[in-house]
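Here are a few notes to read alongside the structure. They are numbered so that you can pick out the points you care about.

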Amino acid sequence: MTNSFAHFSQAKLFLVIGSNMTEAHPVAATFVKQAVKKGARLIVVDPRKTGIAEHATIHLPLRVGTDVALLNALMHVLIQEGLYDREYVERRTEGFEDLERKVREYPPERAAGICGIDAQTIREVARLLASVKPAMLIYTLGITEHTCGVNNVLSCANLQMLLGNVGFQCGGVNPLRGQNNVQGACDMGALPNVYPGYQRVDVPEIRKKFESFWGTSLPSRPGLTIPEMLDGLVDGTVRGFYVFGENLANTEPHIRHVERCLQAAEFLVCQDIFPTETTRFAHVVFPAAAWSETDGTFTNSERRVSRVRAASRPPGSAMPNWWIFKELARRFGHRWDSDSARDIWDREIRLLAPQLAGITYARLEHDGLQWPVPREDHPGTPYLHKDGLFVRGLGRFHAVDWTPPAESPDEEYPFVLSTGRRLYHYHTRTQTGRCGGLDELLPEETADISPADAQSLGIQDGDRVRVRSRRGEVVVRARVTSQVPRGLVWMAFHFRNGNANWLTNPVFDPVTKTAEYKACAVRIDKVSEDGGGVEAA
Amino acid sequence: MNGTFRLNGRQVAFEPGQTILDAAISLQVQIPTLCHLAGTTPTGTCGVCVVEVKGLQETQPACATPIREGMEVWTDTPKVRLDRQAAIRRLLLSGHHNCFVNDLDVDRWTDFQLETLRRPWHGTLCPSYGDCRLQDLAVAYGVRTQGHVPRPPAHIPLDDQHPMFVRDFSRCIGCGRCVKACNEVQVQGALAAAVPETGGGKGKTWFPAADYDKCVHCGECVQACPVGALFEKKSYGKAWPYETERIRTTCPYCGVGCQQWLHVKEGRIVRVTGVDGAQPNQGRLCVKGRFGYEFIYSEERLKTPLIRNGTGFREASWDEALDLVAGRFQEILRAHGPDAVAGVSCARSINEDSYQMQKFFRAVIGTNNIDHCART
């Protein structure tokens, strides 16, 4: 996030796009709802009438995967009607001419045909966006989990720069991170192309710095992403595979394919707190200390580094994860001095990552610190690119085109399946499935469909249905809800039975390798009492 | 334009629209409160924050009285103390507050205890014993109830249909904090918006009705309850509040990073609450953050290293398992080079763990094949 959660309750206008925040980030959503109650206006862009959409001034139920078309059309109107922030664009950005040329190709009438939002509404929303400064843009995985995920993100940034909204309190581009420490894992360089602090592995001076700090030579070629690793297990380019705290067998698209990959591993190590569907394929399983059993830090979506503190001992001989890696390194002849999470942070991480240089454990009591914190006397950074002074110099517009999802509905698979998270469970339920009460609140997966589709398929709420894609099928109960528009099936990935990832499409954004969890084609049929399928009309 | 008024004899500035309580908080003048919930509109039901205002016969609730230019306010006078005592006594006698501060005459105390303990979820002292705002106030103001008759309402609903918590209206003091927490903090609208017009204890029976179709089970209402009327099922009977230590940590679920208090007894978490005023959550939690903690005590936890043995696993020592992994990776490195090894780090675990893992892959294995689910 460029900005802070504290700005949510003070903002006057929000554009929430592809974010089911009342379920996936419930506490963040409370601040948005409070602001709306005090008079802020809220534009929600989502195919479903989500919980946050119920609080919206305007809800735009666009067709799945048409965000770029809608955003380009909004920018088309802003430029055509002279509503954008000319001064900001001239002084703070570059690439405007390319953007202008591109969005000229997206008049609202054309975009309406793509995204299903009528042209007049697009014009009104553009005017509303230009009427309040600054406006906050909030997005989540509805933007990124597409084959055009990068272009979706760039379009969000384009819009906010065009409006002159980046670099101010209550403005900015604000992705809500899905997991407690996905921000931190990125910051720490658990990515194939960067070291801690987003320093590129293929820049020789940077590599030299890490080589001298770690006292060893380092590879210069960026590594593989998760989907490439999985494919590598099958084609033999990857032979040893180490999975730490991830249940890939349930979370990755196309479970049958993923399990074939895991099965093919010559040697698979899993490090986890529970046996999972993934540890079934392991050759060695290391038992790890859990969340409340170690001292350390998490970094949240707003770049805030906060302390995590141990409250109890790990069970049996389970050990902290950092200790396991240290012990393995020792067996390769590497002696690592740091002997606690605090040591690792204070004596390594902050010396290597310039953004974190001013953060010490001693400074993390109370509310933590938001990076960048370049010096020990620096108070932290609640919002980035202050006053539109971008870190890179000028904010760069990227002209991008709309591209459809890889798989579109057809006669055989006439519905779009979109997936995400539900309130009462978390990911593959390794944690929430073992907490009293949560299973009671959400005992099983469902296929959420619109009342109109339910009626035409002869499906009642609670009926068992078979949802089938080109990759697999599941049998779950139907949940008939007006949240879902016609033509859409919506499911989650919390339960092994009925997991949406039996169906999802393993196609990826070409740059980030993010899978298209939000769109694939399925068919849905009622299952008769004897378990056989009843063909849909 | 800011005006001035007199607070305990001192000439001080106030901002238009400020209540006496707002001004007192900003000037660090203590006024006790009970029904007041920070950041929400006042209900003014409890009568505890009363102060004297020159020229008025009756004491006034500081939370609901806007300051006027030239007003003269006294926050701690004999009259104020008497009125606060009376308000606290009225609330103590209005329900099944069977703790020591309700020091009734011996016979009446016994009858009252027996009647209270007969009720469901009343097999012991009040679950908020030791962490109760009403109890604290009763002690602070030396409130005595001897010579008075407790008057719990005759037909008292008890709602234990909820999987996570109990709503026991026999201890409800009608303060309205749960309603404010639901409607104004979480903005969920699951608890009846109507608050008692005249205060819960003033002879009117009022209980907030819950709409479980709208409820998202966040438990904000439980955290807001100043007494033992709303309490959590999972922590019931596990520990008295005074037996626990509080450890501050960060929630293990989504990317908001809510700050939590872990209430820990003998190395075991018995309850989780939000840290008031902390960034980023300002005391709030969701259903997973508040109730999703006991997975760590599951019997299914991995407790020892495991090595594949045919179709199953056998238990192993750390040395054996670590040696095996190091040995097999070394074989693969020798035969196929470092890029034949790849690793996935964990977006749930601490920063320091991800740092160690990428360091292990880069500096020890010699590959940049390290990733995590940044994309999901």
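Which residue is the bridge partner of Y242(A) in β10(A)? Keep that one in mind as you look at the model, which is a predicted one; the answer comes in point 2.

1. The partner of Y242(A) in β10(A) is V269(A).

2. For a specific pair to display, take G240(A), whose bridge partner in β14(B) is V341(B).

3. **The contact between the chains.** Chain A puts 124 residues into the contact and chain B puts in 100. On the side of chain B that touches chain A, the most is given by helix α9(B), residues 351–365, with 13 residues. Sorted by class, that side of chain B has 54 nonpolar, 27 polar and 19 charged residues.

4. **A helix pair across the contact.** How do α15(A) and α9(B) pack, and at what angle? Helix α15 of chain A, residues 321–331, meets α9(B) at an angle of about 15°, and their axes are 8 Å apart. Angles under 35 degrees count as roughly parallel, so α15(A) and α9(B) are roughly parallel to each other. The crossing of α15(A) past α9(B) is left-handed. From α15(A), the contact uses N321(A), W322(A), F325(A), K326(A), L328(A) and A329(A). From α9(B), it uses E352(B), D353(B), Q356(B), M357(B), F360(B) and V364(B). Taken by class, the residues of this contact are seven nonpolar, two polar and three charged.

5. **Domains.** The assignment for chain A lists domain 1 (5–176), domain 2 (182–376) and domain 3 (415–526). For chain B it lists domain 1 (3–88), domain 2 (239–301) and domain 3 (319–371). In chain A, the C-alpha centres of domains 1 and 2 lie 34 Å apart. In chain B, the C-alpha centres of domain 1 and domain 2 lie 34 Å apart.

6. Strand β1(B), residues 3–7, runs antiparallel to β2(B), residues 10–14, with five bridges joining them. T4(B) is opposite A13(B) in this pairing. The hairpin has two residues between the strands, and N8(B) takes a positive phi near 50° in it. Strand β1(B) is also joined to β5(B), residues 72–74, by two bridges, and here the strands run parallel. In that pairing L7(B) stands opposite V73(B).

7. **A three-stranded sheet in chain A.** This open sheet has the order β12-β13-β14 with antiparallel pairing. Its edge strands are β12 (296–299) and β14 (369–370) of chain A. Strand β13(A), residues 304–308, pairs with β14(A) over two bridges, and V305(A) is opposite L369(A) there.

8. **Backbone spots to look at.** As background, most residues other than glycine have a negative phi, and most peptide bonds are trans. The bond from K133(A) to P134(A) is cis, with omega near -10°; P134(A) sits in the loop between α7 (119–131) and β5 (136–139) of chain A. A cis bond also links W371(A) to P372(A), with omega near 0°, and P372(A) is in the loop between β14 and β15 (395–396) of chain A. In chain B, V187(B) has a positive phi near 50° and lies in the loop between α5 (177–185) and α6 (220–224).

How values were computed:
Residues are numbered from 1 along each chain as its sequence is written. Chains are lettered from A and ligands numbered from 1 in the order in which they are written. This is a predicted model: local features need pLDDT of at least 70, side-chain atom pairs count only at pLDDT 80 or more; totals for chains, interfaces and linings use all residues. Domain bounds come from an automatic or database domain assignment. Two residues are in contact if their C-beta atoms, placed from the backbone, lie within 7 Å. Helices (H or I, at least four residues) and strands (E, at least two) are DSSP runs, numbered from the N terminus. Ala, Val, Leu, Ile, Met, Phe, Trp, Tyr, Cys and Pro count as nonpolar, Asp, Glu, Lys and Arg as charged, and the others, Gly among them, as polar. Two strands pair if DSSP finds at least two bridges between them. Axes are lines fitted to C-alpha atoms, for helices over the stretch in contact, and angles run from 0 to 180 degrees between N-to-C directions. Angles under 35 degrees count as roughly parallel, over 145 as roughly antiparallel, 65 to 115 as roughly perpendicular and the rest as oblique. A crossing is left-handed if the near helix is turned anticlockwise from the far one by less than a right angle, and right-handed if clockwise.
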